[in-house]
Amino acid sequence: MSHALFTLFSRQTQGGLRERLCSTLRQAIVSGHLRYAEKLPSSRQLARDLSLSRVTVEAAYAQLESEGYLRRHAGRGTFVAIALPPTARPPSSRPGPRFSQRGLQVLATGGCQDPPFPHAFAAGSPDLRAFPHRQWQRLSHQLQRSLGSRVMGYGDPLGYAPLRSAVADYLALSRGMRCTAQQVVVLTSSQQALQLLALLLLDPGDEVWLEEPGYPGARNAFLAAGAHCRAMRLDQQGAVPLQGHARLVYLTPGHHYPSGLPMSPERRLQWLAWARQNSSWLIEDDYDSEFHYDERPAPALQGMEADSRVIALGTFSKTLFPSLRLAWMVVPPSLVEALGRARSVLDGHSALLPQATAAAFLQQGHFASHLRLMRQLYHSRRDCLLAQIHTRLQPWIRPLHAAGGLQLTVELLAGDEAQLTQQASDIGLLLPRLSPLYATPARQSGWMLGFAALTPGEIVTACERLETLLARSVQTRR
Ligand SMILES: Cc1ncc(COP(=O)(O)O)c(C=O)c1O
């Protein structure tokens, strides 16, 4: 039975170890792998079989007991407490679903993982505790009252007009983009933008070039579309063009993801010329330029040239909150109508009331003040993390470019990244690894340490725990 649990457990990729074990056991019970009154392995045995700590297994058993899945008897062991009705038990020999080739391509990516909140050091989380909830709620209620049925019907697949216009104004002013409201498309997420672009612009086998290391969400969207993804190396100026032809190139010129390196003006001009000569598209993911702490980031690539072949995209997941599900894309006029039609086939449009609320939030100046406050808050937290690294963690990790963003990328100077990440997870620390951001063998190991959602106290505590772990596990020449 431990073998079946091992297989189920290895398929769980979301969440911490305790959560993954809880999901595994729930799944084993509801699918009939574990039957009513069946005895589970002892926590010691299961911990050994799944390479977990006994504390994790004990915690999972205790949680499932409180949820009613398990019953524990002192001295006798742990037993399944739920009896499935006979009809709910799936026949054990039922074949799995048959997926399409496209479906298999999507599944092979492993999916995208979103960060839990707040959790040291989950990457990419804004501080939701500092969000002006009341103000947002007030605006939303006002708009619901004043707009009534106008925000209850179907909407424009390209987005709610006042939001498109507010986003165009904001991007022109703060990012130097050249766009009209008609060129702004409102989507649920950057991920949807990438998926939509892949659907519309790529045939299976088309070449897409991506930065290496780079954002896995982008790679997943293009792989899912059957594209041939090629990795571009970076030098001090940014991504270096490859030989050959690509239909589409994904770039993060503001701050390279994950290193934080800004792309030089010369390299930007080189890419613009390359895209023109090759009739290729450049996707500019402007994912965190709002959060800069030392100097303003260079204006967007999209605005550097009139009629460029740049498609810029960004998200409100970090600047407002992730469950809002609002993002934007600025596209050349020739793509607007096609994107509207393609969006109507996918999911129609984004919900109208949140779009109206976001539009008012931007137009009334709340967005600018919120960003100003968050920039100050995250700046002080970035400084706190840098100071902690300097005093406690220097023998083992070294920060890379730290000028902006919600996380700090650090290089691991000694020790094994995968092993240390696992050990950290056992003590409740989440260390997002750098290696999976490489499609080819990783040239650098390290972590992206999310700091923006953590208070200084939480940062200090997490750094102390990381120091204890590294001092115990890694030999260094101190
Ligand atoms: C480079 C980059 N692009 C896009 C996103 C995600 O945006 P969304 O939540 O809108 O898909 C992230 C999230 O961490 C990111 O790091």
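**K318 and the ligand**

I looked up K318 and found one of its polar side-chain atoms 3.0 Å from an oxygen atom of the ligand. I count a pair of N or O atoms within 3.5 Å as a polar contact. The model is predicted, so local features need pLDDT of at least 70 and side-chain atom pairs count only at pLDDT 80 or more, while totals for chains, interfaces and linings use all residues. Residues are numbered from 1 along each chain as its sequence is written, and side-chain values use heavy atoms, with hydrogens and water left out.

**Other ligand contacts**

I then checked T315, where an N or O atom of the side chain is 2.6 Å from a ligand oxygen atom. For S190, a backbone N or O atom lies 2.8 Å from an oxygen atom of the ligand. The protein covers 89% of the 400 Å² of accessible area that the ligand has on its own (Shrake-Rupley method, 1.4 Å probe).

**Shell**

I listed the residues around the ligand (a heavy atom within 4 Å); among them are S189, Q191, Y215, Y250, D285 and R325. The shell divides into four nonpolar, five polar and three charged residues. Helices α8 (190-201) and α11 (316-319) each supply at least two shell residues. Helices are DSSP runs of H or I with at least four residues, strands are E runs of at least two, and both are numbered from the N terminus.

**Aromatic pairs**

I noted 13 aromatic pairs in the structure. Rings of Phe, Tyr and Trp (its six-membered ring) pair if their centres lie within 6.5 Å; planes under 30 degrees apart are stacked, over 60 edge-to-face, and the rest tilted.

The ring centres of Y170 and F367 are 5.2 Å apart with planes at 85°, so this pair is edge-to-face. Y170 sits in helix α7 (residues 161-175) and F367 in helix α14 (residues 366-393), 197 residues apart. Both Y170 and F367 are buried (under 20% relative accessible area; exposed is over 50%, partly exposed in between; 1.4 Å probe, protein chains only).

Y257 and Y287, which belong to the ligand's surroundings, also pair edge-to-face, at 5.4 Å centre to centre and 80° between the planes. I place Y257 in the loop between β8 (248-251) and α10 (265-278), and Y287 in the loop between β9 (281-285) and β10 (310-315). Y257 and Y287 are both buried.

I also found F131, W136, F321 and F361 linked into a cluster by ring pairs.

Methods. Polar contact = N/O pair within 3.5 Å; in protein donor to acceptor, adjacent residues only side chain to side chain. Nonpolar A, V, L, I, M, F, W, Y, C, P; charged D, E, K, R; others polar.
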